[in-house]
Amino acid sequence: MELKLMMEKLGAPQTHLGLKNMIKEVDEDLDSKLSFREFLLIFRKAAAGELQEDSGLHALARLSEIDVSTEGVKGAKNFFEAKVQAIHDASRFEEEIKAEQEEKKKQAEELKQRKAAFKELQSTFKQ
């Protein structure tokens, strides 16, 4: 699903079958998922010319690079600033998720303590 969303955001949407074929092309451990290492392999294969021209991976590699001679230094600057901002946004999102998880753990612990206190109080009445 993450690959699907990324390809859509890059302006190169893929079908479900196309996405599966993209993963299969670099899936070294055959788990039908892309690890970070396998993701980087896409760009290594693109640089070596080992990707098919019509494959989604070729489109991904092409959309994720910039030619300074064509775009100019200012265009490259904007490209990399956008990449840094996207990474920052992803980090902030991860921090929000961690904060939510910590809050859920805290709530679960409080619930556990309340139940224990209730059972202790309940045992007082049973005697």
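Is Leu-30 buried or exposed? At 71% relative accessibility, Leu-30 counts as exposed, where exposed means over 50% relative accessible area, buried under 20% and partly exposed in between, with a 1.4 Å probe and protein chains only. The structure is a predicted model, in which local features need pLDDT of at least 70 and side-chain atom pairs count only at pLDDT 80 or more, while totals for chains, interfaces and linings use all residues. Residues are numbered from 1 along each chain as its sequence is written, and side-chain values use heavy atoms, with hydrogens and water left out.

To begin with the overall view, the protein chain contains five helices and zero strands. Helices (H or I, at least four residues) and strands (E, at least two) are DSSP runs numbered from the N terminus. Of the 127 residues in the protein chain, 18% are buried. The chain exposes about 10400 Å², and carbon and sulfur atoms supply 56% of that area; accessible areas come from the Shrake-Rupley method with a 1.4 Å probe, and for residues only the protein chains shown count as cover. Among contacts (heavy atoms within 4.5 Å) between residues at least 6 apart in sequence, 27% join residues at least 24 apart.

An unreviewed UniProt entry places the feature "domain: EF-hand" at residues 14-49; UniProt positions are given in the numbering used here, feature names are shortened, and annotations may be inferred rather than shown by experiment. This span is 64% helix and 0% strand, and its end C-alpha atoms lie 21 Å apart.

Helix H2 covers residues 16-26, and its buried residues include Gly-18, Leu-19, Met-22, Ile-23 and Val-26. These residues are on the same side of H2 because they cover an arc of only 135° around the axis, the arc being that of the directions from the helix axis to the C-beta atoms. An α-helix has 3.6 residues a turn, so residues three or four places apart point the same way. His-16, Leu-17 and Lys-24 are exposed on the other side of H2.

The largest nonpolar core has 14 residues, of which Leu-3, Met-7, Leu-19, Met-22, Val-26, Ile-42 and Leu-57 touch the most other members. Such a core is a set of buried Ala, Val, Leu, Ile, Met, Phe, Trp, Tyr and Cys residues joined through side-chain atoms within 4.5 Å. At least two residues of this core come from each of helix H1 (2-9), H2, helix H3 (36-47) and helix H4 (56-63). Leaving aside neighbours within four places in sequence, Leu-19 is in contact with Leu-3, Lys-4, Met-7 and Gln-14.

Helix H3 holds Glu-38, which is buried at a relative accessible area of 2%. Leaving aside neighbours within four places in sequence, Glu-38 is in contact with Val-26, Asp-27, Glu-28, Asp-29, Asp-31 and Lys-33. Leu-40 is also found in helix H3, and at 37% relative accessibility Leu-40 counts as partly exposed.

The loop between H2 and H3 brings the passage back to Leu-30. Most residues other than glycine have a negative phi. Phi of Leu-30, however, is positive, near 55°. Ser-32 lies in the loop between H2 and H3, with a positive phi near 60°, and counts as exposed at 56% relative accessibility.
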